[in-house]
Amino acid sequence: MKKKISILGSTGSIGVNTLEVIRSAPDRFEVVGLACGANVALLEKQMEVFHPKIVSVGTEAMALSLQQKFPHVEVLWGEEGLCALAQEDCAELVVCALVGAKGIKPTLAAIGAKKDVALANKEVLVAAGAVVMPEVQKQGVKFLPIDSEHSAIFQVFENHNRSAIEKITLTASGGPFLHRPKETFSSITPEEALKHPCWSMGKRITIDSATLMNKGFEVIEAHWLFNLTPSQIEVVVHPQSVVHSLISYRDGNTLACLSLPDMKAPISYALSYPERISTEVARLNLAKVKELTFLEPDHEKFPLLKLSYEVAKKGNVFPALLNAADEVAVEAFLKKQISFIQIAKLIEETLSSYSKSLPLSLEGILEADSWARRKVGELI
Ligand code: MG
């Protein structure tokens, strides 16, 4: 039996890689649903190859014109379309590869419909982990990480030795500015920040990698996924991105997961779990890699990493504020409205001016999210 899969965000970097994994294992997987935002041209090509039963696009106008070209496919649109697609009866596994907080509701919709979820959209856990994880437990679904570090942890996680875990170590490539002097950070351009040394990814996550905000988000993501305290999660810079993460157990043994940096490796594991399938991922040859180096993160240059630990400890809606503020600040940086170092300053200012006390519910989280967006907008 083929596993039936829907992909939310099929035209982004993770979506495209997921479809490549599926295409290389046609006897194992079948695509039933695809959703994109604005890149309908690519979605159409994907529809011709993978023949989904149902698709969803950003706007009603896009949906109407797509429906005319594909009369036998159910075409939906907007947030409701994403949620309906996530709940679609025949899908067994939903790949959540949207970007930002807009993935929260569709992910919850998939879990609520008892679908297994493969999560790439880390902001869902950063902002709403407190709501999402209890729902995962309640519905008894599999919740599989695609993020390479979390996939690595998941692969070396000994469930029966959960209480023997001392700490986990998330590796960070360090981004394009690892060796750039701090004094020159104010002149960093979006073009420079978009050149990631190891990974080819979407714009938001590439900027987040350049500020190390991405690693901060991953600390919060790991806290929710593996039920660890922030103090059990450490970050080490590892420029080659070959060791994806490690778990240290109390007997002094540390387990790591290694591969060349190719998202198809963690994606294939999330799709095929608990089995492993053959992939065309380039094989690791350590003698060719030669050197694996590790260093402490520079908190002076990258203040957002430390901030995310504070936010993780504070909990409540603070992680949602952090995510929303970053989303808006990164957009403003890409539009050249603010400088690179102002991204962190705006986020810090937004968080420190928050004084409300909201109940920790989906509504509270979404309200905090909109508040932070407005606040950063005002500050800009
Ligand atoms: Mg990652």
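Mentor: Labels before anything else: helices (H or I, at least four residues) and strands (E, at least two) are DSSP runs, numbered from the N terminus. Keep in mind that this is a predicted model.

Trainee: Okay, which loop holds Pro274?

Mentor: Pro274 is worth a look for its backbone, as the peptide bond from Tyr273 to Pro274 is cis, with omega near 5°. Most peptide bonds are trans. As for the place, Pro274 sits in the loop between helix H11 (264-272) and helix H12 (286-289).

Trainee: And what is the phi of His51?

Mentor: Find His51 in the loop that joins helix H2 (40-50) to strand E3 (54-57). Most residues other than glycine have a negative phi. His51 is not a glycine, yet its phi is positive, at about 50°.

Trainee: On to packing. How do H4 and H5 run relative to each other, roughly parallel or roughly antiparallel?

Mentor: H4 covers residues 78-87 and H5 residues 104-112; their axes are 7 Å apart and the angle is about 25°. Angles under 35 degrees count as roughly parallel. So H4 and H5 are roughly parallel.

Trainee: Which residues of H5 make that contact?

Mentor: The crossing of H4 and H5 is right-handed. On the H4 side you'll find Glu79, Leu82, Cys83, Ala86 and Gln87. By class, the contact has six nonpolar, one polar and two charged residues. The H5 side is made up of Lys105, Pro106, Ala109 and Ala110.

Trainee: Which residues of H14 does H13 meet?

Mentor: The axes of helix H13 (residues 303-314) and helix H14 (residues 318-334) come within 8 Å and cross at roughly 145°. Their contact splits into five nonpolar, one polar and one charged residue. From H13 come Leu307, Ser308, Val311 and Lys314, and they meet H14 at Phe318, Pro319 and Leu322.

Trainee: Now the second largest pocket: which residues are closest to its centre?

Mentor: This pocket has a volume of about 490 Å³. There are 18 residues lining the second largest pocket, and the closest to its centre are Phe143, Phe154, Asn159, Arg162 and Leu225.

Trainee: Which helices and strand each supply at least two residues of that lining?

Mentor: By class, the lining of the second largest pocket comes to twelve nonpolar, four polar and two charged residues. The elements that each give at least two of the lining residues are helix H6 (123-139), strand E7 (143-145) and helix H10 (213-226).

Technical notes. Residues are numbered from 1 along each chain as its sequence is written. This is a predicted model: local features need pLDDT of at least 70, side-chain atom pairs count only at pLDDT 80 or more; totals for chains, interfaces and linings use all residues. Side-chain values use heavy atoms; hydrogens and water are left out. Axes are lines fitted to C-alpha atoms, for helices over the stretch in contact, and angles run from 0 to 180 degrees between N-to-C directions. Angles under 35 degrees count as roughly parallel, over 145 as roughly antiparallel, 65 to 115 as roughly perpendicular and the rest as oblique. A crossing is left-handed if the near helix is turned anticlockwise from the far one by less than a right angle, and right-handed if clockwise. Contact means heavy atoms within 4.5 Å. Ala, Val, Leu, Ile, Met, Phe, Trp, Tyr, Cys and Pro count as nonpolar, Asp, Glu, Lys and Arg as charged, and the others, Gly among them, as polar. On a 1 Å grid over the protein atoms alone, a cavity is a set of points where a 1.4 Å probe fits but cannot get out, and a pocket is an open set with protein on both sides within 12 Å along at least five of seven lines; lining residues have an atom within 4 Å of a point. Grid points are joined across faces, edges and corners, and a volume is the space filled by probe spheres set on the points.
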